[in-house]
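Here is a short note to read beside the model. Keep the structure open and find each element as you go.

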Amino acid sequence: MSETLVLSARWGKPGSATLASYRADGGYAALDKALGLEPSVLVDEVKKSNLRGRGGAGFATGLKWTFLPKDVRPRYLTVNADESEPGTFKDRYIIEHDPHMLIEGIALTCYALDIHLAYVYIRGEFAKQARILEQAIEEARAAGIIGPRLLGKKDFDLDIHVHRGAGAYICGEESALLESLEGKKGYPRLKPPFPAVVGLWGKPTIINNVETIANVPWIVQHGGDAFAALGTGKSGGTRLFGVSGHVNRPGVYEKPCHYNLKQLIMEDAGGILGGRALKAVIPGGSSSPVLAAHEIDISMEFDAVKAAGSMSGSGGVIVFDESACMVRALARLSRFYAEESCGQCTPCREGTNWMEGILHKLEAGHGTAADVDKLEQVANSIAGNTICALGDAAAMPVQSFVKKFKPEFLRHVEQRCCPFGDHGWGLTQAPRDAVAGPVRYAR
Amino acid sequence: MTNHAGGVEGLPREKVEQFDRELAPILKRYPPDRKASAMIPALRIGQALFGHVSPAVQALAADRLGTSPSRAEEVATFYVMLETHPTGRHLVEVCTNVSCSLTGGDQLWTYLKKKLALAGAGTTADGRYTLREVECLGSCGTSPAMLVDEEMHEQLTPSKVDQILGSLT
C-alpha cells in the first residue's frame, strides 16, 4: 500500500528549495489552474477538504475563511511560523525543504480571499529558515509569480514579506502575533472581535499555520474531496507528526491525520530507546495533557485524541521511557510557561511561577503531600481565567501529570529526594542513530 | 535608575548612517503609515551594529519609526533575543527544554559550564562568551541543540561543541 505524501514528497531532494526544482516537479500548476477559476470555488474546495488548522487548535480552515466580513478592504493574510511549542518541529522543514510550496499556498489563499499583502511571522531563532524563505520569495518575485500580476498573467497584485520575531512563545498566539507584527510587545488581545474581523492594523486578517497553508496547493490540484478522503470524518488530509524524546528514530513523519499513535512511536519512530519500557507520551505539543503508556493505542485525529482526554494539538509527540522522572519533566515544562507568560493576566503571571516553585521544591525532595494538592489548586485557578490559551496550556500538563503520576510525586515527598537520582535521565543514554532532518514515510 | 544620558546624538555617526541604510529596505515591507511595525527588525539591526539595544539605540529606532522611545523600550525588554545589556562577544544558548533534556541537553549544559568555567548562566571573565539556557528551539527531533550567535547547531556531542566554539573568531 502506498501512502500519499501531500507535504513531504520533495523533502531531501537536492535543491528542493529552488524555484527550478519546484517547477520541475509540477509546482505552481495549482496556481495556474486556480487563476482560471472563481475565487469562491477555491474556498469551497478548502471547505470540502476538511482541512483543520495545523497550529494546534484544529479549527476548520474553510470555516475560518468565511468569517471575513464581506465588504471590508484591505484584508491581510498572516502565516504563523512561530513554531515554539516544545515538541513541535515540523513547519521549519516545510520552509527548509519546500518553501515554494508555502509560497504557492499563500498565493492561492490570497487569490481565494482577495488579499494582496501577506506576512510570514517566523520565530527569531529560525535564522536559516528565514533566509531560505526570503530567498524563495525573492525568486518568486523575480520570476513574476508574485508581484503586480500573479504568474505574470492575472491582474492581481500580491506581495509577501517575512517578519522575524525575537524570542517569545506567546507570539504564536494569533492576537499576540498581530501585536508583535504591529511593532509592540506580544500581549494577546481580548476576543471577540476575532482577527478575521479586526486583525492586523484593525483590518480583517486570516492567520493560518505554515502546514495548514502548505496543504492548499494539493487541495486545489486534486480537489477537496480527494484531500478529505486521505483523512477521516471531519479531519482531512495527512499531518506532519514530530516524534522526539526517548525513541530510536526521532523525526517528522507524514501520516494520515488519523494515524495510530502507538504505531507511530513503536514502528515508525523505531520504538523506545535501549529497549526500555514506555512510561508516558505527550501527544500534541507540551500543552496537551500527558497520556500514560496504556493509553496510546488511539487515532491521532483531533476528535479522537480529545475523546482520549488530550489534544492532537501541533502533532508534536514527546516520548518518555521508564527512566524519566515525571516530576522533573513537569518542573521543566512549568519553568517554560512561567518564563513565557506575557504577564498580562494575574492568574497566569502569578500562577505559573507558583507552579514552577512548588515543582522545583518537590523535585528537590523538600515538598509535602499538601504541596501536591496546592499544585493542582493553582493549576485549576489558572485554567479558564486568562485572556489567551497560555494559561490553559500551562495548567493542563500540571493537572494531567499529577492525575496520572501522583504516586511518583508522593514518592518524592516520602523519600525526601528524587527517586530517579540527581540525573534522572540522559546519563545512561546511548547515542542514537544520527537522523539528519526529517524522517520520511516509506513503506 | 536607567542611564538615559547617552541619547541618539551620542551614537557614532557612521554607525547611525549604516543603521539607516540597513533599515531602509525593511521599511518597504510595511505600509508607509505603519512604519512602527518594523520595531523588532529595527532593534535587531541596532543590536547587530551597536552590540546591544541601549536606551540610545531604542531612541534611534523610535525616532526613525515615528514612535515613542517607550514603545521601543517595551519591545526591547519583552523579547529574549533583544539584549538590553552588553553580552560577551559570542552568545551560546543551550536548549534544556524537555525533548532536549531527555536526550542529553542537561549534560550539554553541564559540559558547557565546565568548558567555559562558569557556575551558571553568565559571561566569561575575558568577555568572550555569554552562556545561557533557552527555551525550546524547535529542534526536538535533532536534539540536543544550541544557538551560537543566533545560528542553530543540532545533534550535539561534546566534540561537536568543541569544534563549533573552536571555529569562532
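1. Start with one term. Two residues are in contact if their C-beta atoms, placed from the backbone, lie within 7 Å. Helices (H or I, at least four residues) and strands (E, at least two) are DSSP runs, numbered from the N terminus. The model is predicted: local features need pLDDT of at least 70, side-chain atom pairs count only at pLDDT 80 or more, and totals for chains, interfaces and linings use all residues. Residues are numbered from 1 along each chain as its sequence is written, while chains are lettered from A and ligands numbered from 1 in the order in which they are written.

2. Chain B in outline. Chain B has 7 helices and 5 strands. Along the sequence they follow the pattern α-α-α-α-β-α-α-β-β-β-β-α. The C-alpha trace of chain B spans about 50 × 35 × 30 Å along its principal axes. Take the contacts in chain B with a separation of 6 or more: 59% of them join residues 24 or more positions apart.

3. Burial in chain B. A residue is buried if 20 or more other C-beta atoms lie within 10 Å of its own, exposed if 12 or fewer, and partly exposed in between; the C-beta atoms are placed from the backbone. By that count, 42% of the 169 residues of chain B are buried. Look at helix 3 (residues 55–64) of chain B, where 9 of 10 residues are buried. Among them are Pro55(B), Val57(B), Leu60(B) and Arg64(B). What do the buried residues of helix 3 of chain B pack against? They pack against helix 1 (13–27), helix 2 and helix 4 of chain B. Just after helix 3 of chain B comes Gly66(B), with a positive phi of about 65°.

4. Where the chains meet. The contact takes 40 residues from chain B and 53 residues from chain A. On the chain B side, helix 2 (39–50), helix 4 (69–78), helix 5 (98–102), helix 6 (105–115) and strand 5 (151–153) each supply at least two residues. Now the classes: Ala, Val, Leu, Ile, Met, Phe, Trp, Tyr, Cys and Pro count as nonpolar, Asp, Glu, Lys and Arg as charged, and the others, Gly among them, as polar. The side of chain B that touches chain A divides into 19 nonpolar, 13 polar and 8 charged residues.

5. A parallel sheet in chain A. Two strands pair if DSSP finds at least two bridges between them. In chain A, 4 strands form an open sheet in the order 3-2-1-4, with parallel pairing. Strand 3 (159–164) and strand 4 (205–209) of chain A are the edge strands, each pairing on one side only. Strand 1 (residues 76–81) of chain A is joined to strand 4 of chain A by 5 bridges. Here Val79(A) stands opposite Asn208(A).

6. Two helices that cross. Axes are lines fitted to C-alpha atoms, for helices over the stretch in contact, and angles run from 0 to 180 degrees between N-to-C directions. The axes of helix 6 (residues 99–113) and helix 7 (residues 127–142) of chain A come within 9 Å and cross at roughly 60°. Angles under 35 degrees count as roughly parallel, over 145 as roughly antiparallel, 65 to 115 as roughly perpendicular and the rest as oblique. Helix 6 of chain A and helix 7 of chain A are therefore oblique to each other. Pro99(A), His100(A) and Ile103(A) of helix 6 of chain A meet residues of helix 7 of chain A, including Ile132(A) and Ala136(A).

7. In chain A, the axes of helix 15 (residues 346–363) and helix 16 (residues 369–382) come within 9 Å and cross at roughly 160°. That makes helix 15 of chain A roughly antiparallel to helix 16 of chain A. By class, their contact has 11 nonpolar, 2 polar and 3 charged residues.

8. A covered strand. In strand 9 (residues 316–321) of chain A, 6 of 6 residues are buried. Gly316(A), Ile318(A) and Phe320(A) lie on one side, and Val317(A), Val319(A) and Asp321(A) on the other. Strand 5 (residues 238–245) of chain A runs parallel to strand 9 of chain A, joined by 4 bridges. Strand 7 (residues 278–282) of chain A pairs with strand 9 of chain A in the antiparallel sense over 4 bridges. In that pairing, Ile282(A) stands opposite Ile318(A).
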